Every structure is written in structure tokens, then in C-alpha cells.
Amino acid sequence: MNGTGQLVATGPPVSVRGSWRPPGHRHLRGADFRWAIAFVLPYAAVFLALVVYPAGYALWMASDLSLYTDLIENRLYLPTLVNTLLFVGLGVNVKMFLALLLSGFFLRPRWWIKGLLAVYVLPWALAATQAGISFHWMLIGEQGLVDGLLAALLGIDGPLWFNNRWLGVGSNIVAYIWKWMPFWTLIFLAARMTIPRNIYDAAEVDGATGIRRFVHVTFPLLANLYLICTLLSTLWTLGDFTTVYLVSGGGPAGATEVLATLGFHYAFDFSRPALGVAAVMSTLPVLIPIAIILMRRLQTSLVQL
Amino acid sequence: MSVAADLAQPMRLARRRYRLRRVLTEAGSVMLGIGLLIWSLLPVYQMLLIALDPEEGEIEFTGNLWPAEPSLDGFRDVLTQEARYLEDFWYQFGNSLYIGLLTMVLTVLIGSLASFAVSRMRLSKGSLLTNAALLTYAIPAAFLIVPYYRIMHTYGLADNLWAVIAAQVAFATPFAILILQLYARLIPFELDDAARVDGASPVQLYLRIYLPLMAPALAVVAIYALLLAWNDYLYQAVLLSVRNMTVSVMQGQLFSDTDAPWNAMMAAAIIYVLPPIALLFALRRHVMASLTMVSSGL
């Protein structure tokens, strides 16, 4: 967060209101100005007290460089880094790509697809804790529904999902995709609905149908939105604690932890809060560029309005 | 004659091929639909399966694919608060509801006021604040839990529901401001100017023009904020003590206890997940309308 002022300052000198300024633009004066300040004040207070201050505090806690040698020497840190990379990299990208494809499916004008959409968005509205618990039970081994189904339908003994590192990480990723894919599908569905019909008609005349239409027409139109959503989702997913904590619980023996849960354990189970902050702060070299690209993209879009 | 006959044959073939393709596409989309239905409902079904199991305590539902003797005992135990861990369920539910509703109201209020001032009243340099707001997301939520734990003591909010509400509002508002700004471009400035000429004050503009016209976007923001608070486990677990526990924390705690009354626990889970689902379905038209507007702007 020490980049706050810097990021804002180095960004292009454009503002949201820029393109909206009507011809007779005038500066706010007197009472209006005071009202505007009063309206902004609550959020400014929230931002300073609950974002800037804690972020600065976290940086200060994690500024001791010896923490990072402790981290590297910790047996769990490097495997956790790999897990986090898999969880975020696979989770976000598979989810986004499937959401993009499925948004095309939900666009089909059939009554039953509309009904299906209502069921399909259910995971988004289902509280994450309960969804995580349910996934944990489904995969808990031979007592779980998944292994029960495998035995009943295929006659095979399902694996013990949480006894193997890769199966555990995979379970977390699947649960994560289940929970969050519907939200992004809705976003892409909404975006596809705004693509004018005649663009597709023109493309069809030029021979672009099926996959070629998707590659040459739909995707280029949605590319900017897709990038923004992927970046935003990456940042949100790095902070996702609930899925891993409740689905695999980090087990076996911490082999499926991600940085969010490992930092939690350092801070609250091993009473090393600074190490916990350092564990998550060690992703800053990846986070900052993502945040900068995201800001630039969003500013461009906001200005184009 | 012969020319027509020559043409009729390939035409018929082409038509048949077209019809075959349509049937295949249709069959494929039905298959995909069934697959999605199972994918979406399997964890929900697992919850029902456990909740409807009559046995308490022992893991009786092992490997069952359907409830052999469905019973509503689990739900009864939740209502009467008789099962272990559920003695204070409705009090904890009240806490969750309090956090969820206040997060929702405050996010809508603070977010809409700020984005009204910046985008409608054209507060100069105001966009610096709303842009900086998005930087909140450069810090993933789990990063801040340790500093929050310390800071809430400084703010005098240790073990206070307001600590959680404050954290959730701080995370929900940047997204709220983004959505509101993207949606606000729908409302023509002439409307504001006309009202101004008629002597409307900024407060009247906000209440009479901005809020009613922004209703679909505000619905999305409200649902987003409620879901954020409803989904949360980490902040509620760390910032609140057992005395002020919420449903989310109570349920997550049970992993170490295999003897927990799982049917009642799952019944409680089902009761807990219902309110946001109901709200989403009540507001679904608003949600779709504003997502369409917002995504077309990006």
C-alpha cells in the first residue's frame, strides 16, 4: 500500500468526470462545494481508517527482513507458494474461461435454459462457509457422496481426497470454481447481451459461424472486460481464505495450505503475527503489477464512457 | 426436368445434414444442461442428505446416496435450539443478520454518497479518491486480518460486531463505487441541471433523482455487500470472541468434532444460506439489468 500515492500520481492525468463535463462547466461553489465534501467524507474516513492505516501497519510489521529468511527456512512456505500459484492460477483462469464459454450457452433462447440459469447461480448466493463444509463432506472419503457415487455407478473405490496433496489442492480448486464461476458467468452473459445482433449477422455473411465467430467476433469484443475481470478475480482469490480453510483444511499436514491460510496459522496458531503478515506480503512483487495494470485498464474504460 | 432432378438430390442431402446438425446441437445442449444441473446441485444435495438424516451424532449417512428414512429432526433441533453447539443458534443468527444488514446499508449509503459527489456533483479531484479506492483490492482481504486484529483494539472495537461491519464495508465499498460510476452514465446530466434550475439542493438531487434512477445498480451493490458479509469466515472468527459468535464461525469450528450432531448442523446451514438466495431471486431483474449496463461500459 505504500504505492497508493505513487500509483495515483503516476497514472494518466485523467478523471472520471472528464468526459462528462458539460459545455457550461463551472466549479462547485459555496454550499454545493461543502455538500460535496460532506458526501465524500464518510468514504474518505473509511478509506483512511480501514485501508490506508492497516495497510501501512502491515507493511511496518513485515518490514523486518529477517522475517523473510525465516519464511524461506520454514518447511511449509515453499510448498505453500506452489499451492497458491496452482490455486490462483488454475482456479481463476479455468473459472474465467469456462464462465466465458458458458455465458454463450446461457444466451440460447430456450425456456429451460432460463430456468437452468436460476439453478446455476445458486452457488454464488450460497454462503461460502456452508459451501465449503458441504464440499468437505462430499469428499471426506468413503463416507462422502462423491466416493459413494463412484462406488455405486462405476463400482470403484474412490480415493481419500484429503490424504494426497494434489488431490487436496484439486478439491480446493474445484470447490472454488463451483462457488465463483456463476458470478462471472453472469457478468459475461450480461456483456454478451449488449453485443448488437447485426454484428453477428454481418459476421455470418462473411462466413464466421461457430468457433470462428467466437474467436473473431465475440472474444475481441469481450477481451477488455475479460482481462479486467481476470485481474480483479486474481486479487480477490489471493485473499480467499475460506475455501482452503474449510474444504481441505490445509491437510494433510499442511500440504495444501495457501498463503492466506498459512499466514493465518503463523499469526494465530504459532503466535507469530509479523511472520503471518510477511507470508502474505511476499506476494507483493506479483500483486503490485497486477494492481497497476488493473487500474490503468479501468481508468481507460471509465474515461471512454 | 433432369436439371431440376439433379439439383433436388443435393438440396435434400444438404437439408438433411442441416437438420441432423440441429438435432445434434440440441442434444448437446440438453446434455450440457443436465451436467450443469448436477454440478450446481450436488453440494446442495449433500447438505440436504445430511440434514434429513434421523440419526444424531454418529456418522450414519456414510455412503448413502439418498436419505433412507428422511426426518425433520435436524430442523426441529435447530428451531428448539436443543442440539449441542446450537444452544445459541438464533442469537448467533441475529449477529450474522446484524452484520449482514448493516454492511449492506452502510455500503449502499457510503458508496452512493461518494460516487454521487464525484460523478454527479463533479467534485474536482474527487476522482482521485474513487480511483484510490480500487487500490483496496491490491491488498487481498486475508492480508489485513493481522493488522485489523491490532487496530480494532486501538479503535475500541475489540470483540465488537462493529469491527466486522467496518472491515466488510471497507472491502465492499470500492466495488460499489465502481459499479455505481459505471451505471451513473445512464442518467443524463440535463436532469440534474433542470432540477437545479428549479431550485433543488444537492440533498434533494441525491434523494429524488439519483437514488430512484440508480435503483438497479443499488440492488447489485446491496446484494454484493450482503454476500460479502454472509460469506465471511475469517474476519468473524478473528475479530469476535465466543460470546459474540456468528453462525459462520460456529459452523466452521466443528471440523475437529466427529461426534457433532451433523444433521442439525446441516439443517442450521440450510436455514442460514436461505436469506441471500431469497434476496437474489427477489432482485434478479435489477441484477441482470445493471450487470448489462455495467459490463457494456468496460
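**Stop 1: the domains of chain B**

Select residues 2-79 of chain B for domain 1, then 86-296 for domain 2. These bounds come from an automatic or database domain assignment. This is a predicted model, where local features need pLDDT of at least 70, side-chain atom pairs count only at pLDDT 80 or more, and totals for chains, interfaces and linings use all residues. Residues are numbered from 1 along each chain as its sequence is written, while chains are lettered from A and ligands numbered from 1 in the order in which they are written.

The C-alpha centres of domain 1 and domain 2 of chain B are 34 Å apart. Where the two domains touch, domain 1 of chain B gives 12 residues and domain 2 of chain B gives 14. Two residues are in contact if their C-beta atoms, placed from the backbone, lie within 7 Å.

Now colour α1 and α2 (73-80) of chain B: each supplies at least two residues of the domain 1 side. Helices are DSSP runs of H or I, at least four residues long, and strands are runs of E, at least two long, numbered from the N terminus. On that side, α2(B) gives the most, with five residues. Sort the domain 1 side by class: six residues are nonpolar, two polar and four charged. Here Ala, Val, Leu, Ile, Met, Phe, Trp, Tyr, Cys and Pro count as nonpolar, Asp, Glu, Lys and Arg as charged, and the others, Gly among them, as polar.

**Stop 2: the largest nonpolar core**

Select B:Ile179, B:Val221, B:Ala225 and B:Ala268. Of the 185 residues in the largest nonpolar core, these four touch the most other members. Such a core is a set of buried Ala, Val, Leu, Ile, Met, Phe, Trp, Tyr and Cys residues joined through C-beta atoms within 7 Å. A residue is buried if 20 or more other C-beta atoms lie within 10 Å of its own, exposed if 12 or fewer, and partly exposed in between; C-beta atoms are placed from the backbone.

Which helix gives the most to this core? Helix α6 (residues 161-184) of chain B does, with 18 residues.

Stay on B:Ala268. Leaving aside neighbours within four places in sequence, B:Ala268 is in contact with B:Val78, B:Leu86, B:Phe89, B:Val247 and B:Gln251.

**Stop 3**

Select residues 215-231 of chain B, helix α9. Its 17 residues reach 24 Å from first C-alpha to last, close to the 24 Å expected. The expected span is 1.5 Å times one less than the number of residues. In α9(B), 16 of the 17 residues are buried.

Next, select residues 262-282 of chain B, helix α12. Its 21 residues reach 31 Å, close to the 30 Å expected. Look for a kink of about 30° at B:Leu274, shortly before the proline B:Pro275. The bend at a residue is the angle between axes fitted to the seven residues ending there and the seven starting there.

Move to chain A and select residues 210-238, helix α11. Zoom in on A:Phe219. A kink of about 55° lies there, shortly before the proline A:Pro220. Buried residues of α11(A) include A:Thr218, A:Leu222 and A:Leu225.

**Stop 3: single residues**

Most residues other than glycine have a negative phi. Select A:Ser271: its phi is positive, about 50°, although it is not a glycine. A:Ser271 lies in the loop between α13 (259-269) and α14 (273-281) of chain A. Is A:Ser271 buried or exposed? A:Ser271 counts as exposed because it has 9 C-beta neighbours inside 10 Å.

B:Asp159 also has a positive phi of about 50° and is not a glycine. Find B:Asp159 in the loop between α5 (145-154) and α6 of chain B. B:Asp159 is partly exposed because 13 other C-beta atoms lie within 10 Å.

**Stop 5**

Chain A holds 15 helices and zero strands. Of its 305 residues, 43% are buried.
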